[in-house]
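Visitor: Hi, can you walk me through the charged pairs in this one? Keep it short, please.

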Amino acid sequence: MDKNTEKLQTDLRFAAAFLKAHEEVKANEAERQKRIYEKAVIAAENRRRKKAEEAAYFENLRKHPIEPSEEIKEILRKNCGIDLDKQKTEE
C-alpha cells in the first residue's frame, strides 16, 4: 500500500469512530429527553390529583364546616376578645 491509501484508511476509521460516537450521543440524548418528558407527565398528573383532592376537601369543608368546641370559643373570648357566637370582635 502506498502512503495515500494508508492515510485514507486512517481517515475512514476516524470518520467511522466519530459517526459511531455521534450516534451514541444522539441515542443518549433521546433517552434523556424521554425520561424528562416522563417525569414531566408524572409531575403534571400529581399536580392535577393534588388539586382535585384539595378541591374535594374544601367542598367537604363548605358542606360540613368545623365547629370549634366551647373550650376553644371560651379561650378566644378570654384571650383575644373574639366572640364566635356573636361574630364580632371586642376591642
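**Salt bridges**

Guide: Searching the whole structure turns up nine salt bridges. A salt bridge here is a side-chain nitrogen of Lys or Arg within 4 Å of a carboxyl oxygen of Asp or Glu.

Visitor: And what should I know about the model itself?

Guide: It is a predicted model: local features need pLDDT of at least 70, side-chain atom pairs count only at pLDDT 80 or more, and totals for chains, interfaces and linings use all residues. Residues are numbered from 1 along each chain as its sequence is written, and side-chain values use heavy atoms, with hydrogens and water left out.

Visitor: Why would two side chains pair up?

Guide: Side chains of opposite charge can pair when their charged atoms come close.

Visitor: OK, which residue does R49 pair with?

Guide: R49 pairs with E45, and their closest N and O atoms are 3.8 Å apart. Both sit in helix α1 (residues 3-63), four residues apart, so about one helical turn separates them. Helices are DSSP runs of H or I with at least four residues, numbered from the N terminus.

Visitor: New topic. What about E74, which residue forms a salt bridge with it?

Guide: That is R77, with the closest N and O atoms 2.7 Å apart. R77 and E74 are three residues apart in helix α2, so they are separated by about one helical turn. R77 is partly exposed at 27%, and E74 is partly exposed at 42%.

Visitor: Which residues do shared partners join into one network?

Guide: E45, R48 and R49, through salt bridges that share partners.

Visitor: And E70, what does its side chain meet?

Guide: K73, in a salt bridge of 3.8 Å, N to O. Both lie in helix α2 (residues 70-80), three residues apart, about one turn of the helix.

Note on methods
Helices (H or I, at least four residues) and strands (E, at least two) are DSSP runs, numbered from the N terminus. Buried means under 20% relative accessible area, exposed over 50%, partly exposed in between (1.4 Å probe, protein chains only).
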